[in-house]
Every structure is written in C-alpha cells, then in structure tokens.
Amino acid sequence: MPANRIDAAITPDQHARAQAALTALTDALPFLIDLADGERTAMVKFGEMNRSFVVKALAIAEAHPEILPSGFSLPEFAADVALVEDLYPVRHQLETLFRKLDDTYFAAGSEAYAAALLVYQYAKLHNLSTGALEGSLDDLGRRFARKTRKAAPTP
C-alpha cells in the first residue's frame with residue numbers, strides 16, 4: 001500500500017460551513033467579474049512585479065497631475081490601484097488556501113489511484129484462476145485502452 005499522507009474525512013457540518021463561508025465571501029465581494037476567454041489574453045499583463053510599479057506610478061501622477069492628458073482619469077486610476085491593494089491580502093489568503101486544498105485533493109486522489117491500481121492488479125490475478133471478474137476487469141481496463149489512430153487516407 002502506498003504512503004498515506006492524508007487521512008481525513010469531511011463531515012457534513014464541515015462541508016456545510018465551508019459552503020456557507022464561500023457563499024459569504026462571494027456575497028461580500030459582489031463586484032468580482034468573470035473575464036471571457038479572449039479578454040484576459042487581450043489585456044496588458046499584471047503580476048506581482050508590476051504591483052509596485054503601479055503604486056509608484058500613481059504617486060507620480062498624484063504629485064504631478066499636470067503631466068497627464070485631459071482624457072486621463074486620475075480618480076479612476078487611483079480607484080483601480082486602491083482595489084488592487086485592498087484585494088491583495090484577500091487574494092494571498094485565498095491562494096494559500098487553494099494551494100492547501102489542491103495539495104490535499106492531489107494527495108488523496110493519488111493515494112486513491114495508487115490503491116485502485118493495486119485492486120486492479122489483484123483482481124486480474126484473481127480472475128486468472130476463477131474468471132469471476134471478467135466483466136469488472138473489462139470495465140476497469142478501459143482506463144488503459146489505447147486509442148487507435150485512423151489511417152490517413154491514401155490520395
């Protein structure tokens with residue numbers, strides 16, 4: 001049996017509390033948006049290294065508004081920077097939580113899959129002597145079935 005890194009179960013109460021917390025978080029941040037597939041790729045990239053650049057640029061813009069063209073909205077820029085700064089700690093906490101959730105999900109899934117592979121091997125051995133698991137093995141074996149490539153039509 002593979003190493004057991006995670007030994008836990010979610011109780012109905014824990015599940016309900018987690019769902020309620022996620023709902024409360026969604027309700028607390030009603031302005032969150034969902035970008036379409038192409039929108040994110042069309043936008044200027046923003047990451048951790050650009051965050052301090054943005055804050056410094058705002059400081060320059062506020063100290064020297066005369067350098068900005070009349071169509072540039074300093075209040076809108078300041079509001080965007082404020083939102084980034086306000087969301088940063090929430091995002092960091094969520095990233096940390098998601099990383100733990102993802103690691104736990106991965107470890108539990110890996111352990112379950114490794115155990116399932118052992119069950120499959122034991123079932124194949126048992127089936128050799130009894131033939132009693134043929135249908136079940138066929139079903140499990142589909143996981144490993146190779147897809148056949150269609151031959152290219154000859155011109």
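Let's start at glutamate 48, which lies in helix H3. Bear in mind that this is a predicted model. Is glutamate 48 buried, exposed or partly exposed? Its relative accessibility is 48%, so it counts as partly exposed. The cut-off for exposed is over 50%. Now pair glutamate 48 with tyrosine 88. They are 40 residues apart along the chain. Their C-alpha atoms are separated by 9.7 Å.

Stay on H3 for a moment.

Next, the sides of H3. Which residues in H3 are buried? Arg51, Leu58 and Ala61 are. These three cover an arc of only 95° around the axis, so they sit on the same side of H3. The background is helix geometry. An α-helix has 3.6 residues a turn, so residues three or four places apart point the same way. Look at the other side of H3. There, Met49, Phe53, Lys56 and Ala63 are exposed.

Another glutamate in helix H3 is glutamate 62. It has 46% relative accessibility and therefore counts as partly exposed. Compare glutamate 62 with alanine 21. The two are 41 residues apart in sequence. In space, C-alpha to C-alpha, they are 38 Å apart.

On to the pockets. The largest pocket holds about 1,400 Å³ of space. Its lining has 27 residues. Which of them lie nearest its centre? Arg40, Phe46, Val84, Leu87 and Arg91 do. Helix H3, residues 48-63, supplies at least two residues of that lining. Helix H4, residues 74-130, also supplies at least two. H4 gives the most, with 11 residues.

Now the second largest pocket. About 690 Å³ of space lies in it. It is lined by 19 residues. Nearest its centre are Ile10, Ala18, Leu97, Leu101 and Thr104. Which elements give two or more residues to this lining? H1 and H4 do. H4 again gives the most here, with eight residues. By class, the lining of the second largest pocket has 14 nonpolar residues, four polar and one charged.

Let me turn to two more sites. Arginine 5 lies in the segment before H1. Is arginine 5 buried or exposed? Its relative accessible area is 74%, so arginine 5 is exposed.

Then alanine 108, which lies in helix H4. With a relative accessible area of 34%, alanine 108 is partly exposed. Buried would mean under 20%.

Last, confidence. The protein averages a pLDDT of 90. Of the residues, 92% score at least 70. Which element of the protein has the lowest mean pLDDT? That is helix H5, residues 134-141, at 76. The highest is helix H1, residues 12-28, at 97.

Definitions and conventions:
Residues numbered from 1 in each chain as written. Predicted model: local features only at pLDDT ≥ 70, side-chain atom pairs only at ≥ 80, totals over all residues. Heavy atoms only, no water. pLDDT = per-residue confidence, 0-100. Helix = DSSP H or I, 4+ residues; strand = E, 2+ residues; numbered from the N terminus. 1 Å grid on protein atoms, 1.4 Å probe; cavity = no way out; pocket = protein on both sides within 12 Å on 5 of 7 lines; lining within 4 Å. Points joined across faces, edges and corners; volume = space filled by probe spheres on them. Nonpolar A, V, L, I, M, F, W, Y, C, P; charged D, E, K, R; others polar. Buried < 20%, exposed > 50% of the residue type's maximum accessible area, 1.4 Å probe, protein only. Arc of directions from axis to C-beta.
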